[in-house]
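Hi there,

I'm passing this structure on to you, as promised. Have a look at it first, and then read on for what turned up.

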Amino acid sequence: MAVNLQIPSESAIYPVAGVEIGVTEAGIRKANRRDLTVFRLAPGATVAGVFTRNRFCAAPVQVCQAHLALGGPIRALVINTGNANAGTGEPGLENARATCAGLARLLDIPAEQVLPFSTGVILEPLPMDRLLAGLPKAVAALGDNQWFNAAHGIMTTDTLPKIHSRRLTLGGKTITITGISKGAGMIRPNMATMLSFLATDAGIAQPLMNTLARELADQSFNRITIDGDTSTNDSFIVVATGQSGLQIDSDSHPDYAALRAALVEAAADLAQKIVRDAEGATKFMTIRVEEAGSVDEALKVAYAVAHSPLVKTAFYASDPNLGRILAAIGYAGIDDLDTNALRLWLDDVLVARDGGRNPDYQEADGQRVMQQAEILVRIALGRGQITETVYTCDFSHEYVSINADYRS
């Protein structure tokens with residue numbers, strides 16, 4: 001059950017000039033479902049990516065990184081669901097390269113200009129016969145406004161598609177930003193079992209794109225967690241086609257700050273939609289750590305709370321057993337933390353201060369907040385001026401059921 005996840009109407013999903021998308025059913029894992037998606041990018045588009053740091057990173061991640069490292073243009077993306085092509089060794093790499101080669105032949109471009117992506121079950125060989133047979137159908141379906149179908153085509157255990165689309169005016173030109181994401185479990189920073197593709201028709205020079213992609217990830221997909229597991233296949237791709245006529249070559253361009261802010265907003269929305277549709281989620285929780293001495297210690301505390309199974313199950317039960325939050329803060333790894341300086345709020349309710357329970361705290365107030373579908377946990381460390389925010393969800397019976405039955 002997704003928590004307040006808003007899906008734009010198809011009329012509010014704007015095509016990005018210079019991006020064509022085709023989606024088809026290839027039967028990668030199950031019949032009669034959209035599971036193969038192709039993007040064709042116009043010449044001159046710039047592309048950058050951020051990927052998982054899992055040492056067992058999947059074959060398509062390795063091929064993407066190798067193709068991007070060549071520094072040449074990227075003209076196409078190919079995404080399959082149902083099979084992660086991870087933990088597959090050298091045969092997996094050969095299959096990822098063969099996927100690129102197969103699409104390249106159809107589009108008459110070099111294989112190195114194709115980026116492959118896979119998501120699904122780990123440790124199983126990619127069914128190349130079905131994938132390659134599906135590519136011509138995906139190419140035949142290429143169109144300029146297939147974002148809605150693509151959002152469905154990249155889903156695995158997601159219950160709803162994740163889409164963001166908006167238009168704004170910069171430099172006298174109408175700029176479009178549209179993106180999709182998927183992910184519902186095995187989600188935590190660096191990044192998650194997630195894929196996301198974000199495109200704009202603004203032009204962004206390649207060196208700036210490389211920096212921008214990392215900055216966008218750090219403010220969005222690297223600030224979410226569902227279960228603390230880091231996936232093998234995480235990929236976040238940013239595309240700038242330049243088709244609008246606005247070209248930004250450096251961060252000193254007068255329109256760059258506004259464009260960057262809009263892209264941050266888009267990436268953050270797509271990331272938060274993943275948490276809202278987390279496997280079995282019933283609560284969307286914002287963990288905000290304030291007055292930290294550094295970004296590192298703020299995130300240590302935020303993730304300790306966000307990852308705690310005891311905290312997450314208490315929120316699922318709407319049980320204000322809030323000492324669990326204090327315990328998680330205490331083991332976050334800040335050895336010189338002054339617990340007497342710490343304050344803890346649940347939304348507007350001050351729960352703890354001066355090293356213990358706030359004398360004015362009433363459990364009925366905590367219970368009131370815990371009943372909400374969206375909850376803010378504020379933690380002030382009393383150590384500095386840094387604030388960091390992480391988004392997470394509760395743990396429910398359904399989360400266990402989904403993951404117990406995942407391969408069925």
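This is a predicted model: local features need pLDDT of at least 70, side-chain atom pairs count only at pLDDT 80 or more; totals for chains, interfaces and linings use all residues.

I'll begin with the contact between α2 and α3: on the α2 side, Asn 95, Ala 98, Thr 99, Gly 102, Leu 103, Leu 106 and Leu 107 take part, and they meet Met 128, Leu 131, Leu 132, Leu 135, Pro 136 and Val 139 of α3. Sorted by class, that contact has 10 nonpolar residues, 3 polar ones and no charged ones.

How do these two helices lie against each other? Helix α2 spans residues 89-107 and helix α3 residues 128-140; they pack at an angle of about 25°, and their axes are 10 Å apart. Angles under 35 degrees count as roughly parallel, so α2 and α3 are roughly parallel to each other. Their crossing is right-handed.

Helix α7 (residues 295-307) packs against helix α9 (residues 323-330) at an angle of about 135°, with the axes 8 Å apart. That angle makes α7 oblique to α9. The crossing of α7 and α9 is right-handed. From α7, the contact takes in Val 301, Ala 304 and Val 305, while α9 contributes Ile 325, Ala 328 and Ile 329. By class, this contact of α7 with α9 has 6 nonpolar residues, with no polar and no charged ones.

Now for the annotated positions. The unreviewed UniProt entry carries a "binding site" annotation that covers Thr 156, Lys 182, Thr 193, Glu 279, Asn 403 and Ser 408. Glu 279 sits in the loop between α6 (256-276) and β12 (284-292). Is Glu 279 buried or exposed? Its relative accessible area is 5%, and since buried means under 20%, Glu 279 counts as buried.

Finally, a few words on Gly 18, which lies in the segment before β1 (19-24). With a relative accessible area of 21%, Gly 18 is partly exposed. Which residues does Gly 18 contact, leaving aside its neighbours within four places in sequence? They are Arg 40, Leu 41, Ala 42, Thr 241 and Gln 243. As for Ser 118, 100 residues from Gly 18 along the chain, the C-alpha atoms of the two are separated by 23 Å.

Terms used
Residues are numbered from 1 along each chain as its sequence is written. Side-chain values use heavy atoms; hydrogens and water are left out. Axes are lines fitted to C-alpha atoms, for helices over the stretch in contact, and angles run from 0 to 180 degrees between N-to-C directions. Helices (H or I, at least four residues) and strands (E, at least two) are DSSP runs, numbered from the N terminus. Angles under 35 degrees count as roughly parallel, over 145 as roughly antiparallel, 65 to 115 as roughly perpendicular and the rest as oblique. A crossing is left-handed if the near helix is turned anticlockwise from the far one by less than a right angle, and right-handed if clockwise. Contact means heavy atoms within 4.5 Å. Ala, Val, Leu, Ile, Met, Phe, Trp, Tyr, Cys and Pro count as nonpolar, Asp, Glu, Lys and Arg as charged, and the others, Gly among them, as polar. UniProt positions are given in the numbering used here, feature names are shortened, and annotations may be inferred rather than shown by experiment. Buried means under 20% relative accessible area, exposed over 50%, partly exposed in between (1.4 Å probe, protein chains only).
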